[in-house]
Every structure is written in C-alpha cells, then in structure tokens.
2 protein chains.
Amino acid sequence: MTHWSATTMPYGVVRSGGRAPRPATAVGDDVIDLAGLARDGLLDGALPDPTATLDRPDLDTFLAAGPDAWHGLRVRLLELTADPAAADRLAPHRWASSEVAPVLAWSVADYVDFYSSRDHASNVSRILRPDDPALPDAWDHLPIGYHGRAGTVVVSGTDVVRPTGLRRDLDSGEVVSAPTQHLDVEVELGWVVGVGSELGTTVPTSAFADHVVGAVVVNDWSARDLQAFEYRPLGPFLGKSFATSVSPWIVPLEALTDARVPPPTPPRPPAHHLAPVGDGYRIGFELEIAPHDGGPTVVARPDAAGLRWTPSQQLSHLTSNGASLRPGDLFASGTVSGPTRGERGSLLELTWGWTEDVVLAGGAVRRDGLADGDTVTIRAAAPGPDGGTVALGEVTGRVVAARR
Amino acid sequence: MTHWSATTMPYGVVRSGGRAPRPATAVGDDVIDLAGLARDGLLDGALPDPTATLDRPDLDTFLAAGPDAWHGLRVRLLELTADPAAADRLAPHRWASSEVAPVLAWSVADYVDFYSSRDHASNVSRILRPDDPALPDAWDHLPIGYHGRAGTVVVSGTDVVRPTGLRRDLDSGEVVSAPTQHLDVEVELGWVVGVGSELGTTVPTSAFADHVVGAVVVNDWSARDLQAFEYRPLGPFLGKSFATSVSPWIVPLEALTDARVPPPTPPRPPAHHLAPVGDGYRIGFELEIAPHDGGPTVVARPDAAGLRWTPSQQLSHLTSNGASLRPGDLFASGTVSGPTRGERGSLLELTWGWTEDVVLAGGAVRRDGLADGDTVTIRAAAPGPDGGTVALGEVTGRVVAARR
C-alpha cells in the first residue's frame, strides 16, 4: 500500500462499498472523495464547474479540462489538506485507503508504447537477434514506438490470465497452439494525455505540460514466444494485447518537478521536431516478484533517468506526422532497463534469454517466465521537494492459469 | 454518390444544416433520419428504447445494443420503406443525400489492421524484401495483424495532410526530415464490432455475427518511406497513424448474405481457434485516382473473395490470447490485392516499387506516390438478393500539402 506525501495529490477513481466509482485523491494512508468535495462546494473557484467535472465515475472530463483546471484543483487540495481549520469539512469525504478499491481512472483512448531505453533495446537485440546490429537503424534518430491495445489496459490488481497462442516449438519445429511458456513483465513509465491536439499538426516538445496530466506506472505484460512467432513484419500484436496493467493513481506532472533531470547526452543532435529535448525524469522503479509459494523479492531497480528519449520527445514524435491526440491517450516508455544486471526491467533480460538464474524467495532458480500464481508488483518513486520522495504508487497483478 | 438498394439499409450518422448529427439510414438517393423516426414512435417495438438508442449524435449505443436490436431495426426499416401507406409518415424524416454531410458514425475503440491478402503480402515481400522468403514464417498459420491509431480514423471526405517524417535518403545515405515522397493508399475491407467480449476469453469463429454489425470500406493511407525507416522491430507507426479513412455507412452483415463465399482452400488445416473458417465475402473494390489536373481513373479492381483469412478468423484470432473486444472496435483486412496487375490494391504494388507506369487521366505516368491535390476514391459492391448488387458505398479523400 502506498503512503502518499502531503504534496503529491494524485488523481484516481475509487469504489467504496456499493457506491458508484468517483474521482479521488490520496494523502498519507487516506483517500479523499473529490466528487464529495465538489458537491459540498469546497472546490468552488478552483476549477470551472467542479461538480460537472468531478461528480462522475471517471476522470475523463477532468483530464480534458486542461492545465489551468489541473493546477487549480491541485492548489486547492494542497490548501485544504494543510489547513487545520478545514479538517472538519474534509472529514466526511476522507476514507482509509483500505476501505476503497481503485478502478481504472479514465477511458484510455489510444495506447502507444515506445522503446526508449538503450540498455533494454540493446539487451533484446543481443539476446534475440545476435546477428543483427546492436540497435535498429532508426533507434538513435527517433523514438521507435507502436500502438498497443487500449481496450486491454487494466488497473492494478487485475488478474492476468496466461494467454494461449501459436508458436513454433523449438524441439519439433512444429507450430503449436498452447499457453505461453515465456510470460514476461516490462517495467515502464506511462504518461496520460489530458488535452488533445488537432489532426495535421505537431505538438512541439515545449508544449508537453499543456497536454500531459501526469504519470503512471505500467507493467506491459508480454508473451515472448507468441511475440517472436507473430512479429514480422508488423510488430507485436497478441504477444502484448492480452493485458497492460497501470497503477491506479495519476501523479501530477507538477508533483514531479524535483524529479526533472537532463537526459543522457545523445550521440547525435535531435531532428527538428525532437528539439529542445525537454526533461528526463529521475524515477526509480522496483520490480518485485512473489512466487505462488514464497515471499516477495525485488529482482530489479531500474531508473527512468537513463532513458534515451524524453517524454516530451515521445509526445512530439507521436504527433510529428500530424496524428492528433485525444484526451485519455496513454503513452509509455518501453521497458526501463539500466546498464547493470540489477537494473534489467524484464525477465527476458534478467535471465539473459532464460539461461541464467534469478533469485526468488531466497533461492536461485531457473525461470523461463512467470509461473501461474506469481504476483508481480512494480513500484516507483521520485525525488520530491525538500529532499523528500514522491511515490508514484504501484502496479500489481497475479498470473492465473490459461483458460482452456 | 452511392445509390443504395432498397434492401441494404446501411447505418450512418449525418449532419444537416446547423443541426446536431443524428443516426440515419440511406435508400436510393435519400437519407432517412433515424432519430426522427424514433421520436415519432415509428420504431417502437423494433428494438428496446428506440429514442435512447438512436436520438444521439453517434451510433455507439445502437452498436452496443446487439444483434436482436440490429435485426429488429433492419426489419422495421424494410417494412416502412416498402409500405406505400407509410410514405407520408416517413416523408418528414427523408432528406436528399445532397442535403446532408456524413460524419464519423461511431467512436472507434481499438483499430486493428490485418495482412490477409496472399497476393499483397507476397508482392510486398518481393518488392521490399527480395532476399527474404516470399511470406513471413507465421503468415499461413495465423492472420498477422497489428494495432493502428483509432484516434485518426476519419470519415470519407476528410482531407489528408501529407505527413512529414524521418527517412533515410537513398542518394546521400543521410537521415532527413521531410514530407513523405511515397504517399500511398491501401484498399481494405473493414468490420465494425458492436458487442464486446470478456477479458480472458476467446470469441469463436462461429460467433462472428453475435459481435459484428457490418462492413465499411477503408483506405489505410501509408507513407512508405517513413514506414520503411521506422518499422523494425515494432512495426508500422507514424507511416500509418496520420489518417485512416472509412466510408460513412456501415453496411449490415445481414445485407451481405448473398456475398458469402467459401474462402480459398488453405495450404494447411486451421489451428483450433481458427476453425471452422467461416465465410469469405465476394466484395469487389474499385480504386480510383483523380489527379489534381485530370479526371478520375479506376486503377485497380481487387476482390475480397480471395483473402486468405476470413473476417471470422480475424476476429477470433484477435481475441485468441484473451484480449477483450469493446463496442466500436474496427478491424480491417489489410490491403486487398489479387493475382493480376489490375487487382493490386496499393500504388506500391501497381508501380512495382515505383518502377512501372500507371495510367492516370488517359496517360501513362511514372508515379512515386500520390501528389498533392490527388483525390483517391475507393468504392465497393457485393452480390445482393435476386442477382442484384449491394453497394458498400465509398471512401474518398484528397491529399493536401504538408503543413511545414
């Protein structure tokens, strides 16, 4: 369970008892009902029409309301929670987080997944395509990405059914239909778009904060054997589309101010639409696996600070061909990996293509992927104000057996 | 302009004058306002709650209402339009199609594009990857596909801005940012999902008609040079995502009964989830190009009857890993090409990699793609009842110059 700092003020949607889901924020170990605050007039003047914006089962209207509304709500919430005189008025809308269940906070419009970690991309090339160049031709020129399935983005806590699919059996050479043998995770940093853009135009890197509400933690579950069989020439499809899990709470961009870092020096100057490069983010991840019969182990600690492409560049690239944005678009970094073994953000890398042991529940084991019953949790945290820390929350999911 | 047979009864959404868009059907050269029919009680009993379902600015609620509602509306419309006694009651809701402008009829949830024409896939391999096998390893085992950008699916008539992007200049070897030099079209058959499915389950091929409302004509615009530079290893991204045009009217599956044909005999038995194979569809396309300075020429006439994978198989494959469907999902065939030169559904193929002439406006010309000012129109028609024809309408779009 995440303990939220007093200045993060994440946006989420929770269900409590039999009541309809409603927008909320989180402070410490508590959750605050934003629909209730709006109805009681506590958000008047903070953003236009607080009730129409927040007394709803999702954040869709709030996301589309834009940066002034996001900032206005944030400022009001910081004031209300810091003011002892407001405690009584807040109290009826304050619940222990154990009393509520988060749901998917917004309607995901399009989901784009990038491939922006140099260490991940080169690890994958070395493991899977040892005869190819260390990186694809275009990799250092642009943020390579692809569209994933928006309809199977699920909230943290959703069980992941082991997918079945076609793959070539390496022993017999035959194509077989079977549950995946190489179910994997990918540690990713996701960004949620609030304000759309017009078809035929490009969003400059400098306009990032005009469009992006905040960040989520993403687990881009992957079935490596299905992906390997299907991906030429059109890329990943069923190997990814069965589930992509996101953390329940969107951490506002404004809460990540102290996490901003210059991105690594690139080997070549950026193309026109990728300059200025914008901010990198020092966001540290923990990838934790709890096998069905054992306790949890953190198996990797990668950091987003090392990513080759900044989220500003990813957003600009996504629109550089004139593609429009819509409120609710989600884009993610691709697997975050670092240069050392302890910074590898996927099991494919951690086991170096299923050939090396990982330590789980106190013992070194050989794994060719996740087992049924394994629970995977990814947590993230960033530098915050005054030397403190801003939690980004966590995304968790348990693997359950294939259905047929 | 499409002339609609008396038995097609397509579903669309039109705007007339300053009024809000509303659902409609089309008969002959007329359009009938379904919201108006619902308000006047003419659809009572045909489907549950006709007003809530159809007095809206889109077809979303109707699509999700399911096969009984689709059938019920269809039967009622066939009765009303065939009954001379109903003519007076219909008259206030009947407009000449020249009086209305179609808009995008539904909210596209996820967009998946397949690659199901053997002739197209092998042509592309021979043109672009002559050293590779004629078809990707997986091609005859499963319908290869990928996710496209749902947010840039646009209705017929929308201008297409020439996209700018990075590509490797073949003369200098340098990577340059420039408007695409190889803007192309793809003739495709699209299917619209009305009824969703549960995460973790597979839709059997036999359940196609329980989920799919009907068909649209698709032009999957492609920037071949951008695509060639970016597509390894994650597939097409910006080379496709700038625009995908769809015809305004969804032709009901029930109107395509006489178009059903057995698909070509496959070279191997289908995998479990791809059997029974379901129906192919004899749907003939015309690809017409009108250059900015000349009249229109039909440059290709491919037919969907030759596709390797049926839409039932595509739908089942899409969900075979447990991925859920949502109302509004769109999936398309991939470029429809046939074995002869006159059946090639893209300019890349028609010019055999920009090396052969095409005949446009009466003269043979060498083209390396679409020029600014070119208008592309794709029409489709299928066998109908009593030896007649069912039009599927058309999708058109004009290329306009790059914006920077």
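**Exercise 1. Salt bridges across the interface**

Task: In this predicted model, find how many salt bridges cross the interface of chain B and chain A, and examine one of them.

Solution: 
- Start with the count: the rule finds four salt bridges between chain B and chain A.
- Now take one pair. Arg168(A) and Asp137(B) form a salt bridge, and their closest N and O atoms lie 2.6 Å apart.
- Check the cut-off: a salt bridge needs a side-chain nitrogen of Lys or Arg within 4 Å of a carboxyl oxygen of Asp or Glu. The 2.6 Å found for Arg168(A) and Asp137(B) passes that test.

**Exercise 2. What chain B brings to the contact**

Task: Work out which elements and which classes of residue make up the side of chain B that touches chain A.

Solution: 
- Begin with polar contacts: 18 residue pairs are joined in this way between chain B and chain A, counting pairs with both residues at pLDDT 80 or more.
- Next, list the elements of chain B that give two or more residues to this side: the strands β6 (111-114), β7 (145-148) and β10 (164-168), along with the helices α8 (224-230) and α9 (311-319).
- Among these, β7(B) gives the most, with four residues.
- Then sort by class: this side of chain B holds 28 nonpolar, 17 polar and twelve charged residues.

**Exercise 3. Area of the interface**

Solution: 
- The contact draws 57 residues from chain B and 57 residues from chain A.

**Exercise 4. Symmetry of the two copies**

Task: Determine how chain B is related to chain A.

Solution: 
- In chain B, Gly235(B) has the C-alpha nearest the axis, at 2.0 Å.

**Exercise 5. The setting of His182(B)**

Task: Decide whether His182(B) is buried or exposed, and find its side-chain polar partner.

Solution: 
- Locate His182(B): this residue sits in the loop between β11 (175-179) and β12 (183-184) of chain B.
- His182(B) counts as buried because its relative accessibility is 19%, with the cut-off being under 20%.
- Its side chain makes a polar contact of 3.5 Å with that of Trp354(B).
- Beyond neighbours within four places in sequence, the contacts of His182(B) include Ser222(B), Asp225(B) and Asp368(B).

Methods: Residues numbered from 1 in each chain as written. Chains lettered and ligands numbered in written order. Predicted model: local features only at pLDDT ≥ 70, side-chain atom pairs only at ≥ 80, totals over all residues. Heavy atoms only, no water. Buried < 20%, exposed > 50% of the residue type's maximum accessible area, 1.4 Å probe, protein only. Polar contact = N/O pair within 3.5 Å; in protein donor to acceptor, adjacent residues only side chain to side chain. Contact = heavy atoms within 4.5 Å. Nonpolar A, V, L, I, M, F, W, Y, C, P; charged D, E, K, R; others polar. Least-squares fit on C-alpha atoms with pLDDT ≥ 70 in both.
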